[in-house]
Number of protein chains: 2
Amino acid sequence: MVSAGAMSGSGNLMDFLDEPFPDVGTYEDFHTIDWLREKSRDTDRHRKITSKSKESLWEFIKSLLDAWSGWVVMLLIGLLAGTLAGVIDLAVDWMTDLKEGVCLSAFWYSHEQCCWTSNETTFEDRDKCPLWQKWSELLVNQSEGASAYILNYLMYILWALLFAFLAVSLVRVFAPYACGSGIPEIKTILSGFIIRGYLGKWTLLIKTVTLVLVVSSGLSLGKEGPLVHVACCCGNFFSSLFSKYSKNEGKRREVLSAAAAAGVSVAFGAPIGGVLFSLEEVSYYFPLKTLWRSFFAALVAAFTLRSINPFGNSRLVLFYVEYHTPWYMAELFPFILLGVFGGLWGTLFIRCNIAWCRRRKTTRLGKYPVLEVIVVTAITAIIAYPNPYTRQSTSELISELFNDCGALESSQLCDYINDPNMTRPVDDIPDRPAGVGVYTAMWQLALALIFKIVVTIFTFGMKIPSGLFIPSMAVGAMAGRMVGIGVEQLAYHHHDWIIFRNWCRPGADCVTPGLYAMVGAAACLGGVTRMTVSLVVIMFELTGGLEYIVPLMAAAVTSKWVADAFGKEGIYEAHIHLNGYPFLDVKDEFTHRTLATDVMRPRRGEPPLSVLTQDSMTVEDVETLIKETDYNGFPVVVSRDSERLIGFAQRRELILAIKNARQRQEGIVSNSIMYFTEEPPELPANSPHPLKLRRILNLSPFTVTDHTPMETVVDIFRKLGLRQCLVTRSGRLLGIITKKDVLRHMAQMANQDPESIMFN
Amino acid sequence: MVSAGAMSGSGNLMDFLDEPFPDVGTYEDFHTIDWLREKSRDTDRHRKITSKSKESLWEFIKSLLDAWSGWVVMLLIGLLAGTLAGVIDLAVDWMTDLKEGVCLSAFWYSHEQCCWTSNETTFEDRDKCPLWQKWSELLVNQSEGASAYILNYLMYILWALLFAFLAVSLVRVFAPYACGSGIPEIKTILSGFIIRGYLGKWTLLIKTVTLVLVVSSGLSLGKEGPLVHVACCCGNFFSSLFSKYSKNEGKRREVLSAAAAAGVSVAFGAPIGGVLFSLEEVSYYFPLKTLWRSFFAALVAAFTLRSINPFGNSRLVLFYVEYHTPWYMAELFPFILLGVFGGLWGTLFIRCNIAWCRRRKTTRLGKYPVLEVIVVTAITAIIAYPNPYTRQSTSELISELFNDCGALESSQLCDYINDPNMTRPVDDIPDRPAGVGVYTAMWQLALALIFKIVVTIFTFGMKIPSGLFIPSMAVGAMAGRMVGIGVEQLAYHHHDWIIFRNWCRPGADCVTPGLYAMVGAAACLGGVTRMTVSLVVIMFELTGGLEYIVPLMAAAVTSKWVADAFGKEGIYEAHIHLNGYPFLDVKDEFTHRTLATDVMRPRRGEPPLSVLTQDSMTVEDVETLIKETDYNGFPVVVSRDSERLIGFAQRRELILAIKNARQRQEGIVSNSIMYFTEEPPELPANSPHPLKLRRILNLSPFTVTDHTPMETVVDIFRKLGLRQCLVTRSGRLLGIITKKDVLRHMAQMANQDPESIMFN
């Protein structure tokens, strides 16, 4: 009877082991996934569905739904990301204006919406719109004079502080992950790291709300990076609705890549640029299928945003510009100078920002995030208000700087002295001497530039959502516009110089300062992020013409080269390093001559590798081993003497299997022999029932020989997304290399502190 | 003295083995390269240059030149590809017109250039330009009447035959690789296959010349695919000038990927589309560095082409269109119908064309390529001449079909009945009833459509350069324009129907037939090539507005789904299969449950694997093994008994090493023991001098276990670009899997003939 019981026990065992245990195949927080395993799990799932689909109509429909779910997820992401971006734009518009005044007809109207109803909508009459009341008008019925100015100033600061305080408190209380731009973390997550909650529903909600608050507060930050984070949260949310994506970390990341594309798409209205951004900058594993789906998501998002029409002009793009003049070869020189400026700005920003963030992390400064935000907001608001170029929102500023001075333009930047005798078509205004307004604008811009440079360094990295696309672009646009006006005036006053003679005769419209602003913006953005193709494509989508791609490319290339000369890392990689995330950059080249044997554990002198044997260890031995070590898994060898590798067992699955077996299987005691072979080992008569664990054994662990060059190992880790790799020599197990070991080795080779790599 | 001699011999040996042999590291024709090996060779080279650069200023400059050579190559490729494309365009223009007449002022003027000098340049007066004489006018002084028509007809056919005969003869005599579109072969080459001469200088020259001839001959083919081939030949030529690229097959392929982008860029004037085409459709290994450089090459090429200005309008793009009307939701239905048509056309074309090409390969038909070309040209010319839509060149036809009917348009397709009471701005002409011209155009288009469909199937694959972008687009554009006119007339005559009522009231300009033509063209091109993102981006660059991306996407997606339902292969993959190239498609998913053990050689029952032992085989043994087998390499094991793997030796290098040793080393005879270990084996006293071959031993061969699922193996082969992989079980060598084995297995699993995979 006992043997029958044992038999039935063993029968149960077999059934039980053919079923996956609960929780098998999930990962712990702050751990790295194994891409190959995820992929093969997905193939298994797919195979199951395909074979089932032939059984019944219902299963067939289910298989169709499964095949279509990818597109459905993309559609939903596009719709939600577009809607959120539209709502954020509208809310920011309203709240930015709220700092200056309020609309009497309906307090939820922004300045522009308020004045639509009154018929004076041109720029000049903007301030005359009677329904819009500045705070001084509303509170003390004064619109001019020093006291009105001071009151408005105070209200501006108060609102800014209120918004910033609300934002930082919300982030601290509800969703600490909602701070920052999110792109460094998303890059890390997409490369296969698990950060639970980083893309959660709370983060989505709080990030959306606080993003509106911080942008409205007038801090020197943008919404573009955080929008990518928001879109990825949407992606994570929708992928959790479909088991195809929610249960497979690899597939989920495909969705997130596409969501990142949708995020950039709505940030700039540039769907193609968004897809290329995701491909170039964010994504790690980007199969071609994802490219197509990303494109779909990016388009849906862009069109959803357009149908909400937050910019009120049914334009898709954030900064729409149209220039009427071609550029000339000689202008490449100032463009390249702007590229150099962009590269220097990028280097300066990254170095200073990282130094400041490191200080924040390591000193007591980091303990008062709310205070920090309040102080920075107060300083920003106090300095920003007096200068019109810092008082207006940064995207308006960029928009104004990009614009060509048409005949109807009333901006201070377009205050040129007109020749009254000249009548010309609107599109073709010749270069003119600068008026007083332009000179005023120049020094205001110079002050604004210095202020932006300093304040952005301290703003990025605070515990609030903060992107740096817009501040970087603003820095570049200001510098560019100033250079552009300089070149324009030089060409006007010295049109007989050799360099100007050929293309800039008097009365010609030869220099477009707006184009310089755009080139400068591209250069600065490139210097900070080291984007290349996607940067040019985004800029191309803004202007909509291939005409200006050469200046943009020249500036982007120069900026990248200059910045790379001072340090290879872009701001996102620098923040990844700062936080010690295990990110194996695809762009880094590993060129050292080391071998796998130099990197593997155990090193010389260290105790030997903790291994399991295939059929001689007891349950207790294994439990002790698990207790004493914190490795993620153990290689399984034939015996301690031969050390021939037969497979790899995950720690997590071992624990679960033993726990399950002890609870549900009869006869499993601490003395039971565990075996990984097909057949149970021959045991002495009275020994307890052995425990078969072949099911959790990975029979195809990845191996390299000890002579494999590390460059190959790095390549394999990158391309196959491995988590660990075993090292053998003529079939004998020598050691193990994990992703963390690889990253530490790379840090060491680059003379950095290997201990900065914290997670595995 | 003998031992001293042996010593010095052994000293020589060491020196000699530390130097690479000549020819080591090159590959044989029709063989596959090993990407990992190429990459690590490049890293070695790079390391050498970096370490040398610190030695002297000259070396430092050399290292800078080396770092910049990539950009120089791209610049040169862009310049040459752009120039060639411009020259081809100009020559095609002239020779196409030559079939109809000649310019009296200068015979090398095309019709348009000829008439520029006379002042009648509008479309209507085109035929009245006195300097341009039709052949009938020139030869018999008649411009009207039946005999003049017949004479012109005959001259048209004669010229066509002459051009085609010249083309096919040139290809046959000088460069047989110049035929076809070249894209299937380029895909295969980029995936790591060697076809010597395919990208050679002769191919470049002959393909350029014959491309002009065949396009001018009026055959139903395009120049876009061949332009990619031409650009890749340029890339190959320039990369052979720099040792960084000429000596490394992997690096060379990076250049070729960029060159392919430049080719598409000049073919359509779409640099971004070109880069995405290269990424999506052509390239295999596409690191991000290449993306940026491809973009550079594509831009340089596009701007070179523009400065040559072959289209005479300083536009960058081949078909420039500007539509004035938005599209409406209801129009998505006809757009999707066009997508279905495109998918069906793609399926029909691929099936028929492949069947015909297979017939050509296997029957006597293939022995008369010249005759075939002559016959097809004659039939094409005879049928094409009477129909104005087939007589004109295909790109002109597409251009006309894409065009919106403006007020100044004199084409037959725009012969609408105008309401004389209506005066309207030029851009906003309401829908009008169709006139006689439109109805004539409709049946002519219908005939032209059928003709194009049939003749293209027979034309693609003949022994002349032939692309199918343009014919495919023409088929789609014709179908699309017809559908567009149909919808337009339906909307005009039935504007009270519910679907039209909302957006198409009388007097409104609601349907743009040109847009339908464009959507149809995209659908048909998508059906044949299965391009997705790059297709939409190319079309987007043609129209320059995001406005019409949704219709294009809807059609492209539908077309791809419909075509995929009938067969997964695009035309290029189908031709790759037809030719048996070893191409491992990145897009194919391998979903079967097989294991490495099912695929590896030797199979059960086959003789054991040919291996070398590390220190017990003689030179003669190895020579016999090499003679008796044709494997590309041999695994090296500890001994035949233990079968523990220590490395892998390439056949080519073994042969070279033995040859070199026999010639230069003393004491190496047939009985010499060959050893791969660090230390020579202990030999009996009188045995001959052993031969050390550790230098050619690859100590890090790639291994998988026999239990590895084939999907993982396929993934590894794809991502790492392996050529072979050894299979082990607990450290013992079991077998080997080559790329050919993988491809054969995949063919078998897809129920295809595994013997169709011919190369390794």
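This is a predicted model: local features need pLDDT of at least 70, side-chain atom pairs count only at pLDDT 80 or more; totals for chains, interfaces and linings use all residues.

Me: How do you know that chain B and chain A are related as by a two-fold rotation axis?

Reply: Chain B can be laid on chain A by a turn of 180° with a shift of 0.0 Å along the axis, and the RMSD is 0.1 Å. The two copies are thus related as by a two-fold rotation axis. Within chain B, B:Gly731 comes closest to that axis, its C-alpha lying at 1.7 Å.

Me: What makes you say that the copies meet through the same surface?

Reply: Of the interface residues of chain B, 99% are also interface residues in chain A, so the same surface is used by the copies. The contact takes 69 residues from chain B and 68 residues from chain A. Together the chains bury about 6,100 Å², with 71% of it on carbon and sulfur atoms.

Me: Why is the pair B:Glu711 and A:Arg47 called a salt bridge?

Reply: The cut-off is 4 Å between a side-chain nitrogen of Lys or Arg and a carboxyl oxygen of Asp or Glu. In this pair the closest N and O atoms are 3.4 Å apart, so the pair qualifies under the 4 Å limit. The count between chain B and chain A is four salt bridges.

Me: And why is A:Leu64 called partly exposed?

Reply: Its relative accessible area is 40%; buried means under 20% and exposed means over 50%, so A:Leu64 falls in between. A:Leu64 is found in helix α3 of chain A, and that helix gives the most to a nonpolar patch, with eight residues. The patch covers about 910 Å², and B:Trp561 is one of its members.

Note on methods
Residues are numbered from 1 along each chain as its sequence is written. Chains are lettered from A and ligands numbered from 1 in the order in which they are written. Side-chain values use heavy atoms; hydrogens and water are left out. Copies are superposed by least squares on the C-alpha atoms of residues with pLDDT of at least 70 in both. Contact means heavy atoms within 4.5 Å. Patches are made of residues with over 30% relative accessible area and no salt bridge: like charges are joined within 9 Å, nonpolar side chains (Val, Leu, Ile, Met, Phe, Trp, Tyr) within 5 Å. Accessible areas come from the Shrake-Rupley method with a 1.4 Å probe; for residues, only the protein chains shown count as cover. Helices (H or I, at least four residues) and strands (E, at least two) are DSSP runs, numbered from the N terminus. Buried means under 20% relative accessible area, exposed over 50%, partly exposed in between (1.4 Å probe, protein chains only). Buried area is the accessible area (1.4 Å probe) that two parts lose on being put together, summed over both.
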